[in-house]
Amino acid sequence: MTTAPASTRAHQPLCLPRRASAPVGGCAVRFAVVGALGYGVNLAVFDVLYRFGGLPSAAAASAAFAVAVVNNYLWNRSWTFRATRGSHVGQACRFLIVSLAGLGVDLLVLHVLERAGAPGTGAQAVAVLAATPVTFLGSKLWSFRTEDVTTETVHVLPPAIDGPPRVLVCLPTYDERENLEPMVQALRGVLGPRDVVLVVDDASADGTGELADRLALSDPNLAVMHRPGKSGLGRAYLDGFRYALELGAELVVQMDCDFSHDPADVPRLLAAARDADLVVGSRYVPGGSADGLPTSRKLLSRAGCAYARAVLGLRVRDLTGGFKCHRRELLERIDLDGVSSSGYGFQIETTFRESQAGARVAEIPITFRERLEGESKMSAAIAVEAFLTVPELRLAALGAALARYAWIVRWWALSRALVLGAALTVQVLGWPRAGWYPTVSERPLALLGAWDGRWYSIVARQGYLVVHGRQSDTAFFPLYPIAMRALHGLGLSYVTGGLVLANVAFLVALVALYELSRTWLDEQAARRTVVYAALFPFGFVFSMVYPEAPVLAAVALGGLFAVRGRWTACAVAAACAALLRPEGVFLVVPIVALVVQRRRELAGGDRGRALTAVLAAPIALVAMLFYDWRLVGDPLAFSHAQLAWGRWTSFDGIVRASTELYSAAVLGREWLYRDAAFCAFYVACLLLAYRARVPLSWIVAGGLLVLLPLWSGSFTSDARFGLVALPVYCGLGYLARRRWLDHLLRVGSAAALTLASATILLHWP
Amino acid sequence: MRPLARALVAGAAVFAAVLVVLQVGLARPTAAERIAARAVSILDHTRERGSVIEIGTRRVTSTCTVTRTGAARIQLDDGTVIVAKGTRVLETYRLGERRTLALHAAADLPAAELVLSGSHALYARELVDRLAQRAVSPRPVEYRGRPAYALRLRSRPPAVELILDRRTLRPLAAEYRSADLRATSRLIAARRREHGC
């Protein structure tokens, strides 16, 4: 097995990557975007603390400034300048100084301009412009400066075994002389003949490195990496991982050298790696413990895990433990050079990156003990770094996602520009009813708050007030007006809040629709699906004070979470869908189908969560009925309220709907033809989607969304109801496989969307 | 069983969470608004046969019916007939004369007679408008020894107030006040199968 006597082995130089140079292009634009975001955050926090918290204005302003600075710091570090490899402490201090300098310039210019007689708002605008170059240059050249070092040479004493190792155990050391030899011996006792132990020593002052070299002389399976100085646990692991990949190890185990991780647990870790890409030795799953830790460390660790789990959306229970086994393919999938944390945040970051890369993660219980010899390396600076790393990782992931979905944002922006532009144009022209519009300066985009938007604003403002037998507001489901009310609390008008909600939700819906449709269709068809959803002729409703965009987002997210097995998130989305519109409850159909399909794969905990996802929408609906019953004495108030509009659900509803359609022209309801045409179009698209292999459960849900409202005796608004039937867009995406047809549909849809937006006032949606 | 039990517990949590969101997130109508909403419902489901109107020293009895077109036809015992839909007077004439009397926008007398004759459609319409403006405030009063609410139906002059039985919320009386005129009426409820408006 050994190729050469150990005594003939010699240290070899190894070049390892270090800091990469920072990207330059687009910095200024990103800086401006972050600045605008920080401004919004500042105002929002101030408003919440001052208006609702009752804080004095100076205290609220100070807190708002602090939150805004932290917000800007995190965004600028991870997105604007991408300087995530530097130390948080240094960068944060420098950024704070630069921010204060910027504030000083701002106040100075403001003072000068006001003395010169400039109006307050205009003077502040100029002052902000004057301060921006100062903060930008300060941030770029000082706060987030990056070094150009790209490689560093370390010396490695390689193992003396034949061929690539099966397992490599990476042991970072710094002043671990007392623990090293017993640890290596204990590992040799549990590892196989083709397994390697790699000691990564950071130039320990107590001679740990030399001891490792001496041990290696008699142990061909022991490798030693000498690094020039102490540069953090994370860097040591990364260098160890890179070397393991170079050697060709199949599994890479990381653990501490101080016996806080028991070497006897390594075989269990390796066994679990047969069915997982990442195995985490966990203190916080049943059977695991951290008895050796002092209570303060235990609390810190628990709180850190809970915090990281909540912010990063991870399901791993022990995120700060460092006893893990990585599969080679997984380490190759993640960007090791991009890992920025050097202390304990490294454990969180690697697990997060690996989860993002689609790792199958298993947790096995371990007992964590306090170190046998030597001193703990834990410090306040390491804890702070770990604390700051978590939101930074979330922001970085968000930034990466934004870059990945940039094309969706472009289609969203284009389609919304058509709708908003058309609405604004007819308001300026006063067409078709000049007297209806308020002035543009008073209420721009008033058109988009018309029709049901008025009702949602009423519910947001005053809640439900049922007057039996009359047009009443219980027909308008509560979650959307509740969200409008929340935004109103931040200073937006109800209509503006509703518009912001609807348009942002539509962007979220498009992204979720894209990800969901990719699971059914090929990439090109999925992209077309999103484009047609954005340009759909009746899609102007997605930009009105209507809940259709939030429902579409909730339904698409619910479906996506279900497909990805994130049942708790799916349950939340389903409950939201049911509280946004009654049709949202139909999301239960595809969820049930998916749960039945995967019932054998679901483990105990997941089975309970999946059942919750199935029940969430109906339970949310029942809770709302219960609320109505308590409030107005009628659990079906939402349905009875529609009587005033001449709609009620009955078996002969479809006959009544057909009769009404037949006499539409006589009744002066010509727009019913539009709704009936859209209804037929939706059914055709659903059939196309079925042909494109969209799951039958989604087709059924879509069919219910489109056809069930007809049982209330009218085609009225069916064009709008069908908008949330996701497979309709998939059917269109499938249909337009030929390029000429695709182009024709895009141009035609865009024109129809613009025209429909301009004529909102003629016929209700 | 354990997954089912977990799901049921989580379902109960969803139920509770939704109730909390609705309770905290939605504004709730005031007691006054709830009374007014119930009063509209009562007005929609009951009718008045007419009323006894007192305008200064003059006392007239009115009879109120609903025409086939849904308008209220009010006939006073002095022979005056007023036809109105909601708050809009369509025509007014004297019995036997078949001559439409001149209508003035600010005609106080026919307006008072219309308002005091007991048309529930008129009262309900005014009350719904007040509710939409969130401007209802029933005032506890006593009417002929009975506990009652006085509910103001208009914010601008002429002031119109409806007196409702505090227990049943049935209208008992109405009051009309303008700069030149002050009038009251006692409403006469229609019995079952009786005509009324």
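## Overview

Chain A contains 29 helices and nine strands. The model is a predicted one, with an ipTM of 0.72 and a pTM of 0.70. Of the 765 residues in chain A, 53% count as buried. Among the contacts in chain A with a separation of 6 or more, 78% are between residues 24 or more positions apart.

## Confidence

Chain A has a mean pLDDT of 87, and 93% of its residues reach 70 or more. For chain B the average pLDDT is 87, and 94% of the residues score at least 70.

## Two enclosed helices

Helix α14 of chain A covers residues 452-462, and nine of its 11 residues are buried, so the rest of the structure largely encloses it. The buried set consists of Asp452(A), Gly453(A), Trp455(A), Tyr456(A), Ser457(A), Ile458(A), Val459(A), Ala460(A) and Gln462(A). The cover over these residues includes α15 (479-489), α16 (494-518) and α27 (718-721) of chain A, and also α4 (120-132) of chain B. Directly after α14(A) comes Gly463(A), which has a positive phi of about 75°.

Helix α28 of chain A runs over residues 726-735. Nine of its 10 residues are buried, so this helix too is largely enclosed by the rest of the structure. Its buried residues are Leu726(A), Pro727(A), Val728(A), Tyr729(A), Cys730(A), Gly731(A), Leu732(A), Gly733(A) and Tyr734(A). They are covered by parts of chain A that include α16, α17 (523-535), α18 (548-563), α25 (671-691) and α26 (696-707).

## A buried aspartate

Asp675(A) lies in helix α25 of chain A. Its relative accessibility is 0%, so Asp675(A) counts as buried, the cut-off being under 20%. Apart from neighbours within four places in sequence, Asp675(A) contacts Phe715(A), Thr716(A), Ser717(A), Asp718(A) and Ala719(A).

In soluble globular proteins, nonpolar side chains tend to be buried together. The largest nonpolar core here has 145 residues, and the members that touch the most others are Ile408(A), Phe536(A), Phe540(A), Trp567(A) and Ile591(A). Helix α21 of chain A, residues 604-632, gives the most to this core, with 14 residues.

One of those members, Ile591(A), is in contact with Trp567(A), Cys570(A), Ala574(A), Ala613(A) and Val614(A), leaving aside neighbours within four places in sequence.

## A helix crossing

Helix α13 (residues 406-429) and helix α29 (residues 739-758), both of chain A, have axes that come within 7 Å and cross at roughly 35°. The crossing of α13(A) and α29(A) is right-handed.

On the α13(A) side the contact is made by Trp411(A), Ser415(A), Arg416(A), Leu418(A), Val419(A), Ala422(A) and Val426(A). On the α29(A) side it is made by Arg746(A), Ala750(A), Leu753(A), Thr754(A), Ser757(A) and Ala758(A). Sorted by class, the residues in this contact are eight nonpolar, three polar and two charged.

Definitions and conventions
Residues are numbered from 1 along each chain as its sequence is written. Chains are lettered from A and ligands numbered from 1 in the order in which they are written. This is a predicted model: local features need pLDDT of at least 70, side-chain atom pairs count only at pLDDT 80 or more; totals for chains, interfaces and linings use all residues. Side-chain values use heavy atoms; hydrogens and water are left out. pLDDT is the predictor's confidence in each residue, from 0 to 100. Buried means under 20% relative accessible area, exposed over 50%, partly exposed in between (1.4 Å probe, protein chains only). Helices (H or I, at least four residues) and strands (E, at least two) are DSSP runs, numbered from the N terminus. Contact means heavy atoms within 4.5 Å. A nonpolar core is a set of buried Ala, Val, Leu, Ile, Met, Phe, Trp, Tyr and Cys residues joined through side-chain atoms within 4.5 Å. Axes are lines fitted to C-alpha atoms, for helices over the stretch in contact, and angles run from 0 to 180 degrees between N-to-C directions. A crossing is left-handed if the near helix is turned anticlockwise from the far one by less than a right angle, and right-handed if clockwise. Ala, Val, Leu, Ile, Met, Phe, Trp, Tyr, Cys and Pro count as nonpolar, Asp, Glu, Lys and Arg as charged, and the others, Gly among them, as polar.
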